[in-house]
Amino acid sequence: MKKNKEEIIIPKPSVKEVNKYLKEWDDNKEYCDKEDALNKLFLKLCQKNTDINDILLKVTTLNKFYSTGIISIYPVAKHILDDVTDIDSRLKKGDISAVSDIQSVILGGEMKKLYSFASKYCSHHNSKDYPIYDSYVDKVLWFFKCRDKENNKPSFSNFKRKDLKDYAKFKSIILEFRDYYGLTNFTLKQIDQYLWQLGKEYFSK
């Protein structure tokens, strides 16, 4: 892997590039099997969030598959059950405020922000409306924004780095990225898969 930003050369986002990474995803049996398992759990076996057992299964599996680092699973599940009002109807209609409500949870007496986890939890209920925030995605979006600026070209979006941690702004930035590079035929899920693999390839520690 290249060691500094000046040495990193990432191909410009294009339909060809996205299709290349989507094929790599489809060719990776582990990625596909995990995704199929999560789809079965979230979209068939445990669609709703009205039973603590269902929520525990989803939080535990998501935490394990994505390595989100949640140590205390039960308080997170209870928070989703007890504190997030009308969650199922909100997830169905793509209410982005659901991410903020899920991410803010008290663990060990302290308020924690489980931002990435919350975006993933919502996305696996409704991938059409909820893009996934991930550190790799963050780095790729910021890379392209900075590279455009350094090359005196208009950036795909005018945003600050901290805006990526605001879910409403993050989703808007993702949509601007998709529009700017002519990727509107791809779903948000496919853009997720492209950006994540790109980040893993170029920015992995």
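This briefing describes the aromatic ring contacts of the structure above. The structure is a predicted model, in which local features require pLDDT of at least 70, side-chain atom pairs count only at pLDDT 80 or more, and totals for chains, interfaces and linings use all residues. Residues are numbered from 1 along each chain as its sequence is written, and side-chain values use heavy atoms, with hydrogens and water left out. Rings of Phe, Tyr and Trp (its six-membered ring) pair if their centres lie within 6.5 Å; planes under 30 degrees apart count as stacked, over 60 as edge-to-face and the rest as tilted. The count by this rule is 22 aromatic pairs.

**Tyr 21 and Tyr 194**
- These two residues form an edge-to-face pair, at 5.7 Å centre to centre with 65° between the planes.
- The pair joins distant parts of the chain, 173 residues apart, with Tyr 21 in helix H1 (residues 15–27) and Tyr 194 in helix H10 (residues 188–203); helices are DSSP runs (H or I, at least four residues) numbered from the N terminus.
- Tyr 21 is buried, with a relative accessible area of 1%, and Tyr 194 is buried at 0%; buried means under 20% relative accessible area (1.4 Å probe, protein chains only).

**Phe 144 and Tyr 181**
- This pair is tilted, with 6.1 Å centre to centre and 55° between the planes.
- Phe 144 lies in helix H8 (residues 135–150) and Tyr 181 in the loop between helix H9 (167–180) and H10, 37 residues apart.
- Both Phe 144 and Tyr 181 are buried.
- Ring pairs link both residues into a cluster whose members include Trp 142, Phe 159 and Phe 203.

**Charges over rings**
- Lys 34 lies over the face of Phe 65, at 5.6 Å from the ring centre; the criterion is NZ of Lys or CZ of Arg within 6 Å of the ring centre and within 35 degrees of the ring normal.
- Lys 145 lies over the face of Phe 159, at 5.9 Å from the ring centre.

How values were computed. Helix = DSSP H or I, 4+ residues; strand = E, 2+ residues; numbered from the N terminus. Buried < 20%, exposed > 50% of the residue type's maximum accessible area, 1.4 Å probe, protein only.
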